[in-house]
Amino acid sequence: MPISASSATAPDGGPAPVVRIRGLKKSFGTTVVLDGIDLDVHRGEVVSIIGPSGGGKTTLLRCVNVLEIYDEGSVQIDGVEVGFTDSSGTRRKRTERDLAHHRAETGMVFQLFYLFPHLTAAENIMLGLRKVRGFSKAEARSIAERWLDRVGLTAKADSLPSQLSGGQQQRVGIARAVAMEPKVLLLDEITSALDPELVGEVLAVVRKLAEDGMTMMVVTHEMAFAREVSSRVVFIDAGRIAVEGKPKDVFQKQSNERLRSFLSRVSHDPGLK
Amino acid sequence: MDYILSSMKFLWQGLFVTVEVSLLVIVLSLVFGLALGVLVTYGPTPARLAIRLFSDIIRGIPVLVLIFTVYYGLPVTGLNLNNFVSAVIALSLFSTAQIIEIARGALQSIHHGQTEAAKAIGLTFPQRLFHVIFPQALRRFLPPWINSVTDVVKGSALVSLVGVVDLMLAIQQVIGRTFVPMPLYVLGALIYFAINYTLSSLSRMLEARYAYIRE
Amino acid sequence: MLYHLNFGLIWKNFPKLTWGLVLSLELALVAIAIGVIIGLALALLYESRGRLCRGFITMYVEFIRNVPLILLVYLVFYGIPTLVDLRYDATTSFIVTLSVYSGAYLVEIFRTGLAAIPRGLMDAAKAIGLTPLQRLLYVRFPTMFRIVLPSLSNTFISLFKDTSVASVLAVPELTYGAQWINFNTFRIIEVYAVVTPMYLVTGYVILGGLRLLERQFKVR
């Protein structure tokens with residue numbers, strides 16, 4: 001079932017946001033993780049999501065590509081509700097097959113890479129292209145090679161993940177997600193598990209993607225990066241958006257008390273003061 | 001059905017022999033297996049090599065071949081033992097080899113820092129073994145050991161092939177007289193099942209009990 | 001010692017042993033092939049169906065694992081024909097028994113293997129939009145096989161040793177061959193001095209070959 005790209009317009013007459021989240025709530029058992037999130041992400045925007053651990057940042061991302069089914073609220077990608085269908089007025093959870101189709105429109109890069117260990121770098125990228133997008137083996141291969149080139153790993157196309165460094169694996173992970181040409185790219189603390197000297201190469205790739213206009217939602221602890229690359233920064237604490245705004249405003253003004261204490265705990269960068 | 005009830009006496013005797021064989025094997029293999037297991041973990045290299053060779057050979061051949069070799073082969077060396085003793089010897093060799101491996105695994109899993117700490121407070125080797133190593137190794141040893149006990153019980157069924165009248169042979173004999181195989185096979189299966197399932201449940205329970213100790 | 005070693009009689013009858021070894025390997029191969037099918041099917045069923053189905057699978061597994069193989073062999077060969085109007089020869093009977101036997105062990109191996117797949121890997125597979133069936137075929141199965149390869153190797157070698165039980169049905173595998181020579185030539189020491197290394201060496205060769213295979217397919 002193809003996902004129809006909506007040509008709806010926002011109330012102000014501009015193009016509708018790629019991702020529209022309203023009243024998102026999610027609990028795990030008795031723990032409330034997301035307590036009413038409202039967020040819009042427009043085409044070409046890079047939204048950085050920062051906040052203390054357990055605040056719900058990762059859960060938010062996982063609701064966007066429905067790796068978690070949210071309890072209440074709505075998540076729409078290009079106007080289409082991702083988690084539920086609304087046939088005849090009743091809200092029903094989508095089937096797994098349905099969800100698979102929706103997930104093809106988003107891309108996710110994980111903290112622990114999760115490359116398929118039995119496939120080479122190129123094959124990791126080709127799997128989605130062939131089985132979900134329906135490309136032939138040759139077409140998929142050429143697309144994969146193009147993306148490997150863009151992340152600087154042409155030489156490693158036929159290497160297995162076990163033969164790659166952490167930074168290289170993560171770049172393949174990025175290529176795997178982006179090759180599917182998703183409407184929005186979800187990055188979940190993608191440098192947190194990397195050795196410090198490998199972080200730079202990965203951030204360089206993300207920076208380039210942002211420059212090329214990729215819509216992204218980035219959960220990160222790299223404050224300098226967030227400040228430099230984002231169009232907007234969102235501070236999530238205790239399941240709600242506590243602060244939202246342009247990077248300069250968020251980092252310099254530090255209007256919120258909890259934001260201040262979080263930043264002082266996290267950053268060693270005097271430039272953020 | 002009448003036959004079955006009157007044959008119960010024979011089955012009962014057979015079961016008794018099975019239990020007898022199993023218990024003897026368990027005790028013998030535990031004693032030798034533990035001793036050799038300690039030796040293969042901490043002993044001098046020649047001993048370690050010899051024991052590992054022994055263990056690998058015994059575990060590399062089928063139990064049945066071991067039983068036949070001992071039963072038919074021992075008389076040739078002048079030792080004329082009856083079939084019961086031969087069977088017990090053969091099964092004990094098999095089980096000992098298994099226990100050596102289990103013990104080795106359990107002992108080696110104890111971090112060598114424990115040994116160093118024990119040495120540091122002046123304990124001798126036997127003291128270290130009994131007060132520091134064994135207590136910790138015990139929980140790694142017990143569950144797999146209980147599983148090896150079920151292997152002994154299952155293996156004991158093979159002694160029927162050298163004429164020891166255990167439960168398995170008793171079943172065969174009763175079938176020979178009464179010509180009703182299925183009920184007897186099923187009954188026999190249930191008896192073996194009852195024994196072994198109880199043991200393996202015990203093993204699982206122990207494993208779960210010990211699982212909370214994380215390190 | 002009044003025993004004179006005479007290997008001549010062994011070499012005269014050597015084909016019985018070599019062909020017996022071949023048959024033992026064949027029996028083990030067929031049994032593990034069928035067992036893998038049974039084990040995979042039941043492992044998948046186990047995690048996707050309800051309590052009743054899982055109960056039956058558990059009963060099957062526990063029954064097979066706690067009953068001696070020889071009893072199962074007799075039960076299938078002598079017992080079942082009295083219930084059902086089926087006649088089969090000893091070899092077929094043994095293959096059926098050993099396959100069902102190996103299936104029970106393999107269910108556990110596959111269940112553990114499937115559970116050992118990192119959840120994040122399945123997340124990644126979901127994230128690129130693969131359907132459940134695609135995830136099963138292209139990610140779960142390949143990953144699981146690499147995880148369980150060592151257990152599969154050990155199971156195969158165990159099955160190879162278990163084929164010795166077929167000798168009670170006069171299936172002409174290696175142990176039967178050894179016993180035949182034993183009874184017909186009384187050369188006990190010699191025959192088992194030859195047969196024991198045959199089992200050992202074969203076991204080691206298989207182990208070595210499978211370890212090589214494992215290294216080809218290492219996960220992570």
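Reader: How many residue pairs are in polar contact between chain B and chain C?

Author: Six, with both residues at pLDDT 80 or more. A polar contact is a pair of N or O atoms within 3.5 Å; within protein, one must be able to donate a hydrogen and the other to accept it, and residues adjacent in sequence count only if both atoms are side-chain atoms. This is a predicted model: local features need pLDDT of at least 70, side-chain atom pairs count only at pLDDT 80 or more, and totals for chains, interfaces and linings use all residues. Residues are numbered from 1 along each chain, chains are lettered from A, and side-chain values use heavy atoms, without hydrogens or water.

Reader: Which elements of chain B touch chain C?

Author: Those giving two or more residues are α2 (45-60), α3 (63-73), α7 (167-178) and α8 (181-211) of chain B. Helices here are DSSP runs (H or I, at least four residues), numbered from the N terminus. α8(B) gives the most, 11 residues.

Reader: How is the size of an interface given?

Author: Often as the accessible area lost when the parts come together. Chain B and chain C bury about 2,900 Å² between them (1.4 Å probe, summed over both). Of that area, 76% lies on carbon and sulfur atoms.

Reader: Which residues form a salt bridge?

Author: E62(C) pairs with R204(B), the closest N and O atoms being 3.4 Å apart. The rule (a side-chain nitrogen of Lys or Arg within 4 Å of a carboxyl oxygen of Asp or Glu) finds one salt bridge across this interface.

Terms used:
Buried area = accessible area lost by both parts, 1.4 Å probe.
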